[in-house]
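Dear colleague,

Please find below the sequence and structure that I am handing over to you. My notes on what was found follow directly after.

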Amino acid sequence: MKQVKGPTDHVVIVGAGLGGLSAALRLAGAGRKVTVVERESVPGGRNGLLNKDGYAFDTGPSVLTMPDLIQDCFSCVGENMKDWLELLPLKPLYRAFYHDGSTLDVHAETGRMQEEIRNVIGADEAAGYGRYVDFVTKLYKYEMKDFIDRNIDSPLNLLTPNLARLVALGGFKRLAPKVNEFLKDPRTQKVYSFQAMYAGVSPQQALAIYAVIAYMDSVNGVFFPKGGMHAVPRALAGAAAKHGVEFKYNTTVTSVEHSNGRARAVITDTGERIEADVVVLNPDLPVAWRDLLGKTPRQVKNLNYSPSCVTLLVGSNKSYDRLAHHNIHFGKSWDGVFDELITKKQLMSDPSLLVTVPTHDDKDLAPAGKSSYYILFPTPNLTADIDWKVQASKYRDQMIRTMEERGYTGFNDSIEVEQMTTPLDWQAQGMEAGAPFAAAHTFFQTGPFRPRNMAQGFENVVFAGSGTQPGVGVPMVLISGRLAAERIVGPVL
């Protein structure tokens with residue numbers, strides 16, 4: 001494994017997102033002096049927080065899986081996650097609503113999920129689901145150590161016995177046909193393949209190895225932190241500060257000073273110069289290259305990006321008894337949705353959407369008797385010919401109409417507080433192409449072909465976050481922090 005060259009005593013991390021925090025804890029545990037420079041007043045990065053009129057809204061990810069990876073961060077400094085964070089297991093993980101009026105609750109326990117499928121769909125489908133769980137469990141076992149949770153310097157690093165096992169398992173076939181080998185009903189096919197959206201590709205085009213995302217949530221479980229998703233970065237930053245990490249909030253890094261292929265310091269918007277032996281960059285990778293390092297490699301210039309999304313954060317005086325914490329509303333169209341979003345780069349004509357209700361499990365996130373909603377509609381990214389300055393207001397009204405058509409009666413009249421985020425807003429926050437899910441996980445942007453976490457042409461600049469290896473999603477970003485730390489100090493706990 002390649003590592004940075006030269007001294008590593010003082011590491012400056014730009015950005016207190018989950019990747020930066022994961023790296024900070026590991027580096028502090030390894031005895032390094034660590035300074036984290038963050039432009040916002042709080043940690044979290046994309047895992048942001050909005051306080052408005054008594055409501056506390058998460059502005060980024062809403063689904064939390066793989067809590068062992070969070071505990072792993074705390075363990076690096078001898079802390080126990082339970083002393084910092086209370087995680088509530090969600091039951092069901094999701095509630096899926098379909099165009100025919102049927103619903104399906106998704107559970108982590110295989111037996112309980114088989115019973116749900118048996119009752120809603122039938123015994124044959126329940127048996128197929130059991131075989132599917134065996135498949136994704138093996139996928140996870142073969143993928144995690146060799147392909148996800150390790151630094152990859154060359155495609156040759158992948159030549160392990162587990163590669164042969166993945167090939168034999170069918171991991172390099174297309175996702176949708178592979179899922180359909182086990183699941184025959186469109187309802188189960190959708191609920192166990194929609195996760196490809198997080199990877200920025202359609203289930204029809206994604207490799208079957210991305211079913212590992214379904215393992216991470218639909219088999220391993222989904223959790224919600226008491227206090228909202230932002231409780232995770234708050235806890236990680238608190239533990240890091242306790243163990244000597246210095247945080248400089250409300251401070252924007254404008255450039256990395258470098259000479260002879262080596263970073264010497266970071267320069268802030270106030271002109272402060274913070275010397276560093278190593279610099280870890282947690283902003284979106286293409287933005288970090290262009291804005292902080294002053295150049296962009298060809299591979300990064302030519303990246304293809306995931307679809308984007310519009311989110312609507314709503315504080316409401318109305319609740320709906322039929323909802324779970326996470327609710328997926330599937331339209332009748334499925335292949336057509338991805339064709340519109342990815343190929344045609346159009347807004348969905350028959351939307352599928354996610355509605356998360358944080359107050360379902362934590363009433364303290366809203367004023368007494370009120371409810372909060374996190375509504376997510378996938379959209380094309382900014383490479384599409386959509387003028388969001390013109391489109392935003394119209395699309396907001398369309399989102400509300402769709403909600404009411406899907407059973408949220410009187411939703412518009414119940415709104416007391418709202419905040420809309422469009423692809424243009426994501427771009428303003430520093431996400432290339434307005435894509436919060438970063439570069440798409442196409443074959444040539446995955447694994448050893450994804451931009452590496454060591455900056456080409458620099459001895460001591462390392463990347464963390466969703467734009468580098470291993471990729472998109474809270475678990476992957478936490479792992480990216482570990483991989484970045486290992487580039488600096490070698491294997492860590």
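Phe-182 counts as buried, because its relative accessibility is 14% and the cut-off for buried is under 20%. Please keep in mind that this is a predicted model.

The structure holds 25 aromatic pairs.

Another edge-to-face pair is formed by Tyr-373 and Phe-411, at 5.3 Å centre to centre and 85° between the planes. Here strand E17 (residues 371–379) contributes Tyr-373 and helix H14 (residues 411–414) contributes Phe-411, 38 residues apart. Both Tyr-373 and Phe-411 are buried.

Helix H10 (residues 285–293) is largely enclosed by the rest of the structure, because 7 of its 9 residues are buried. Among them are Trp-289 and Leu-292. The buried residues of H10 pack against several elements, including strand E10 (253–259) and helix H11 (298–301). After H10 comes Gly-294, whose phi is positive, near 80°.

Val-167 belongs to helix H5 (residues 161–169) and counts as exposed because its relative accessibility is 52%.

Finally, an unreviewed UniProt entry lists residues 18–488 as "domain: Amine oxidase".

With kind regards

Definitions and conventions. Residues numbered from 1 in each chain as written. Predicted model: local features only at pLDDT ≥ 70, side-chain atom pairs only at ≥ 80, totals over all residues. Heavy atoms only, no water. Helix = DSSP H or I, 4+ residues; strand = E, 2+ residues; numbered from the N terminus. Buried < 20%, exposed > 50% of the residue type's maximum accessible area, 1.4 Å probe, protein only. UniProt positions renumbered as here; feature names shortened; annotations may be inferred. Contact = heavy atoms within 4.5 Å. Phe/Tyr/Trp six-rings, centres within 6.5 Å; stacked < 30°, edge-to-face > 60°.
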